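Subject: Handover of a structural model

Dear colleague,

Please find below the structure that I am passing on to you, followed by an account of what was found in it. I would be grateful if you would read the two side by side.

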Amino acid sequence: MSSPATGRSGTVKDQEIAAEQEYVDVAYRRLEEMRAAAQEMIKEGYRQAQAGTKGSLVDRDAMVHQAALRAQALDIADDGLVFGRLDLTPRPLPGGAPAGDGDGAQAPGRIVDGREVRYIGRIGVRTRDHDSLVIDWRAPAAEDFYQATPEVPRGVIRRRVLHSRGHTVVDLEDDLLDPDAADGLTVVGDGAFLASLARTREGAMRDIVATIQREQDEVIRAPADGTVLVRGAPGTGKTAVALHRVAYLLFRHRRRFGSRGVLVVGPNRRFTAYIERVLPSLGEGSAALRSLGDLVDGVRATGHDTPELARLKGAADMARVLRRAVADQAPGAPGELRVVYRGVIVALDRPALDRIRGDVHRRSRGSVNAARARAAEALLDALWRRFTDLGGPDAAAQSPDGNLELWSQILAADGLAEIDRQGTSAADAPGKRGDFDKRVREQRAFTDFLVAWWPIRRPLEVLGSLADAGRLRRAAGRELDRGAVTALARSWAALPDAVTYQDVALLDELDALLGPPPRPSRRRAREDDPYVVDGINILTGQEVAGDDWEPEMQELTTSIERIERSRRVDDGVAEERPEYAHIVVDEAQDLSPMQWRMLGRRGRQASWTIVEDPAQSAWEDLDEARRAMEAALGGEQRERKSRGRRRPARSVRHEYELTTNYRNSTEIAAVATRVLAMALPEARPARAVRSSGIMPVVDVVPSAGLEAAARAAVEELLTRVEGTIGLIVPLPVGGDRWTPADRERLAAGLPERVQALDVLEAKGLEFDAAVIVAPETIAIQSPRGLRVLYVAVSRATQYLTVLTAEPGWRENLTS
Ligand SMILES: Nc1ncnc2c1ncn2[C@@H]1O[C@H](COP(=O)(O)OP(=O)(O)OP(=O)(O)O)[C@@H](O)[C@H]1O
């Protein structure tokens, strides 16, 4: 029989802790040796470099890089290396479970007293003889730790969680899964897991490796292909699970995901700052973590649009508007082209030029900037046609030099460059197309026109040009009404200084339409290249290399540096848009169609993990966003193509629902459930598991006194909680109250652990205590106001204070 020691015998527990400490000490000693070996490898790499040959530099590069990664992973494991122990009925591992690339993937445990014992930890640790000391939590042999239940024990008799501080085991908690097989096993525990949920929040999310629950583990270990779609109410661990899944994928499929990269996308910068420590604490520093406002290199969103503007900017229609904007002529483009050929003036007027522009655009979608050469050829075609219509070839044949002098003067008077006279007397087939093209291309009148008429455009400049309401109206088509045009044009007057989160998706769309700026030309400057003017190739806008051009000798770099270099920023536009092997999208219910398009371009070959709670969505037309999501995942197309055939791996969908709320106390969850019932009567709330005995407070105060009451509530809470406090206010819609300046004033002089934020900024975050101001305002600020309020009231772990100016809201929230 097992000897339950819970609550009765501190001594038994102390003995158990001491025994575990001995084992943990052995693991740490071995970890120390492994760290020393990694350091030795780094030194060895540098020693090899001293040989100085290229080959040894490459070896050094690889060796130092690998060793540095290893050393980093070992350092990270230093805190709480071992956190779990399984005692199992001995049995073979499920045959041939694929081993990961990492340590300890298939390590069996040790046999002790007829039972198999496995220790689970942050990384795999083996003895010098390759016996397993600690199994990596992501390895197949660790699955039982998370998956076993009393109903399906999977051979597990006892599961033990070790709580440590640094290298010291401070507490234990056991689950007895198979009492019949537990003879002689001690079982201790006092609800440490639930207690850990009530811990103080320090403002940054922490990893949950030691306490991942079964339904969460299923998501973490879900297949690597296709799309994993995770739904769950606030606090069910969606974000935590998504991040642990990244660590799992990188461990089990290091080659596939490590080299092509994993992108984690969160709604805003505050959120990415909140979660940024989780992956490094799991030893994974290689995933790119970006907010929706930081996905385009060289651009940084500085604020949010009002819900109304956000809806306009996020709608799928905007893609058509931008396509038309790109096809419109650039600001300052000349309206007429005049060249002289052998004494004949040939001109194209605005309508003719517009037709040419339209034609070239139709053929150059996605590469508008690179189409300047095509535009030049189209202009030459049109000029030639015009010239032949004028009977030019005959005239030119009769009078090779014509009245060149006269036309030079006319051009100069118009501010156009003088034509180059050199070679004009050459008589090679005057009046023929080849001669015509050559001589026209040589004229500054032509080349200067080309540069101004088909400029290399940048996304920020194009979007900024739409601050001109006339220009935006031309691009708007039927997609935008008058009011929308005015509102949007006004919002873009702030560019390029104030880019919003929604603007970033539009900039990415524009970048995709414009294409990258033409590649630097490696063509040598040739005397006879008509498009090289003053050492610049005007088709590409790049300086042309001279005769002394040599391929650059690049210093050998680590692979990380090379990746960085390939994503270098040029003038606010990424040279190459990075594509990823896996993309994690958090708070996906809030992505607009335009944002989905932006992500789709980064994951054309990717598998996806999408995490969402439709009940928290601030987006009005979920169907439109859903269609955009499907398009981003490539689902729609592939479904059609694969009809009747096996679905390709990429389009496979795995759906999961998380059902337990680990954040809110049951008392706070009850308030959230009331708001959910108002927002979405048919929705199912998650089950909260921890009751605190602390009742939420709803106070009614006059509207004018809300700020003072909020300040007082925060000051009071500061005396009650040690951790973070969120002061959550309505959006600054209308612009006269709850502005960023107001929020700053509200938090002025308060400690850093108090954050004053608007309801949308609070998405995904959590606090020990939250003060929600004016729920009545939040609820009506946007068509989805009640869902936004639901987000706000589900942020706190311990204390919730709501301040309202409407007495009815006390009832709404509490009775
Ligand atoms: N298995 C677990 N063990 C310990 N803590 C957990 C566990 N699962 C979740 N948590 C904690 O619960 C809290 C909520 O998790 P998380 O923020 O991931 O939830 P969410 O579903 O993303 O919430 P929201 O929808 O509000 O963004 C976090 O503090 C997280 O660390």
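A38 touches A67, R70, A71 and L74, leaving out residues up to four places away in sequence; two residues are in contact if their C-beta atoms, placed from the backbone, lie within 7 Å. This is a predicted model, in which local features need pLDDT of at least 70 and side-chain atom pairs count only at pLDDT 80 or more, while totals for chains, interfaces and linings use all residues. Residues are numbered from 1 along each chain as its sequence is written.

A38 is found in helix α1 (residues 10-49). Helices (H or I, at least four residues) and strands (E, at least two) are DSSP runs, numbered from the N terminus. With 19 other C-beta atoms within 10 Å, A38 is partly exposed. The cut-offs are as follows: a residue is buried if 20 or more other C-beta atoms lie within 10 Å of its own, exposed if 12 or fewer, and partly exposed in between, with C-beta atoms placed from the backbone. The C-alpha atoms of A38 and L510 are separated by 46 Å, and these residues are 472 positions apart along the chain.

**The chain as a whole**

The protein chain contains 31 helices and 29 strands. Of its 815 residues, 42% count as buried. Among contacts in the protein chain with a separation of 6 or more, 75% are between residues 24 or more positions apart. T609, in strand β21 (residues 607-612), has a C-alpha atom separated by 5.8 Å from that of T227, 382 residues away along the chain. T609 counts as buried, with 28 C-beta neighbours inside 10 Å. Apart from neighbours within four places in sequence, T609 is in contact with V228, V230, A242, R245 and V584.

**The surroundings of the ligand**

The ligand is surrounded by 21 residues, of which the closest are T211, P234, G237, K238 and T239; a residue is near a molecule if its C-beta atom, placed from the backbone, lies within 6 Å of it. The elements that give two or more residues to this shell are α6 (238-252) and β23 (660-665). Of the elements, α6 gives the most, with 3 residues. The shell divides into 7 nonpolar, 10 polar and 4 charged residues, where Ala, Val, Leu, Ile, Met, Phe, Trp, Tyr, Cys and Pro count as nonpolar, Asp, Glu, Lys and Arg as charged, and the others, Gly among them, as polar. At least three residues of the shell come from each of domain 2 (214-297 + 576-658) and domain 4 (660-814), with bounds taken from an automatic or database domain assignment.

Helix α11 (residues 317-327) has M318, V321, L322, A325 and V326 buried. They cover an arc of only 135° around the axis, which puts them on the same side of α11; the arc is that of the directions from the helix axis to the C-beta atoms. These buried residues of α11 pack against α10 (307-314), α18 (459-465), α19 (469-476), α21 and α23.

In α23, 7 of the 8 residues are buried, namely P593, M594, Q595, W596, R597, M598 and L599. Their cover includes β11 (262-266), α10, α11, α21, β20 and α24 (622-633).

In α12, the buried residues include L353, I356 and V360. Seen down the axis of α12, its buried residues fall within an arc of 60°, so they line one face of the helix. The face turned away from the buried side of α12 carries the exposed residues P351, G358 and R362. The buried residues of α12 pack against β13 (337-341), β14 (344-348) and α13 (372-389).

**Backbone points to inspect**

Most residues other than glycine have a negative phi, and most peptide bonds are trans. The peptide bond from L495 to P496 is cis, with omega near 5°, and P496 is placed in the loop between α20 (482-492) and α21 (501-514). D113 has a positive phi, near 50°, and sits in the loop between β3 (110-112) and β4 (115-121). E587, which is not a glycine, also has a positive phi, of about 50°; E587 lies in the loop between β20 (582-585) and α23 (593-600). D113 counts as exposed, with 9 C-beta neighbours inside 10 Å, whereas E587 counts as buried, with 23.

With kind regards
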